[in-house]
Amino acid sequence: MDSLKDVLAANDYPGRGVLWCTTGDGTARGAYFLTGRSPASQARTLRSTPVGELIVAATDVREHDRLRHYVAARRTPGWLVFGNGEQVSTVADRLDAGQAPLLALDGLDYEPDPPIFTPRLTVVADGNGQAWFGAARRSAGDRATTNRLTLHVSELPPGEGVLMTTYQSDGQHITTGAPFTEIRTTAENSDTLLDELWSTLPPRLRVAAAVFTPGDLTGAPIREASRPSG
């Protein structure tokens with residue numbers, strides 16, 4: 001099992017990512033990060049709202065883009081949902097309606113952004129250290145129907161976690177990321193986990209990152225790149 005730093009350092013462009021891990025203090029934590037290449041992707045901010053959400057919004061006056069601007073994390077009674085797109089709200093609404101995590105994650109599709117067809121990544125976590133990952137991915141072949149992966153993770157010991165990223169890149173070619181990667185972290189708490197994550201993301205592509213626990217989104221530490229608004 002490789003370290004979080006080594007996994008991200010080997011990926012020139014991870015895109016967006018979701019992480020669920022247990023830090024050294026024994027607390028289960030989630031993390032979400034954004035990187036971007038284009039001016040539109042870099043002109044974004046990640047901020048908390050009074051209603052218990054983390055949203056990705058534009059830092060300039062450009063129009064709303066549903067593939068770039070969305071609720072990235074939502075806290076509902078009994079659940080934390082986070083991910084890389086508008087499906088976060090869909091899954092949270094399903095959980096509120098009484099659906100179990102696996103059903104709430106079903107029926108999602110990858111993003112309509114050819115030629116990459118970005119995977120939609122979603123994590124549902126309860127208050128007991130359990131998490132359900134969902135990934136809606138396009139086939140590597142010619143088939144257009146969605147491959148839907150679900151992964152149930154529980155009883156992670158301190159220092160271990162699971163990471164999903166939308167992309168994998170060697171610096172020249174970009175493909176969709178691995179279905180999931182098990183990682184190790186040396187972080188002891190939310191602040192050091194954010195430090196570890198942020199310091200390893202490619203500096204020229206960093207946009208924002210946040211670390212949170214299931215019961216607290218408004219207090220989540222957030223890190224953002226310093227760029228002038230355009």
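Which backbone nitrogen lies 3.0 Å from a polar atom of the side chain of Ser 139? It belongs to Gly 141, and the pair is a polar contact (N or O atoms within 3.5 Å; within protein, one must be able to donate a hydrogen and the other to accept it, and residues adjacent in sequence count only if both atoms are side-chain atoms). The model is a predicted one, where local features need pLDDT of at least 70, side-chain atom pairs count only at pLDDT 80 or more, and totals for chains, interfaces and linings use all residues. Residues are numbered from 1 along each chain as its sequence is written, and side-chain values use heavy atoms, with hydrogens and water left out.

Now for the overall picture. The protein has 5 helices and 16 strands, counted as DSSP runs (H or I, at least four residues, for helices; E, at least two, for strands) and numbered from the N terminus. Its radius of gyration is 16 Å, close to the 17 Å from the globule rule for 230 residues, so the protein is as compact as a globular protein of that length. That radius is taken over C-alpha atoms, and the rule is 2.2 Å times the number of residues to the power 0.38. Along the principal axes, the C-alpha trace spans about 40 × 40 × 35 Å. Buried residues make up 54% of the 230, with buried meaning under 20% relative accessible area, exposed over 50%, and partly exposed in between (1.4 Å probe, protein chains only). Take the contacts (heavy atoms within 4.5 Å) between residues at least 6 apart in sequence: 56% of them join residues at least 24 apart.

Back to Ser 139, which sits in the loop between strand 9 (131-138) and strand 10 (146-153). Ser 139 counts as buried because its relative accessibility is 14%. Leaving aside residues up to four places away in sequence, Ser 139 touches Thr 145 and Asn 147.

With a relative accessibility of 75%, Glu 155 counts as exposed.

Phe 117 also has a positive phi, about 55 degrees, although it is not a glycine. Phe 117 lies in the loop between helix 4 and strand 8, and at 17% relative accessibility it counts as buried. Pro 115 is in the loop between helix 4 and strand 8 too. The peptide bond from Pro 114 to Pro 115 is cis, with omega near 5 degrees.

In helix 3 (residues 87-96), the buried residues are Gln 87, Val 88, Ser 89, Val 91, Ala 92 and Leu 95. They pack against strand 6 (70-76), strand 7 (79-83), helix 4 (101-104) and strand 8 (120-125). Helix 3 is followed by Gly 98, whose phi is positive, near 100 degrees.

Helix 5 (residues 190-200) has Ser 190, Leu 193, Leu 194, Glu 196, Leu 197, Trp 198 and Thr 200 as its buried residues. Their packing partners are helix 1 (4-9), strand 2 (16-22), strand 3 (28-35), strand 14 (181-184), strand 15 (206-212) and strand 16 (222-224). At the N-terminal end, Asn 189 caps helix 5, with a side-chain oxygen 3.1 Å from the backbone nitrogen of Asp 191.
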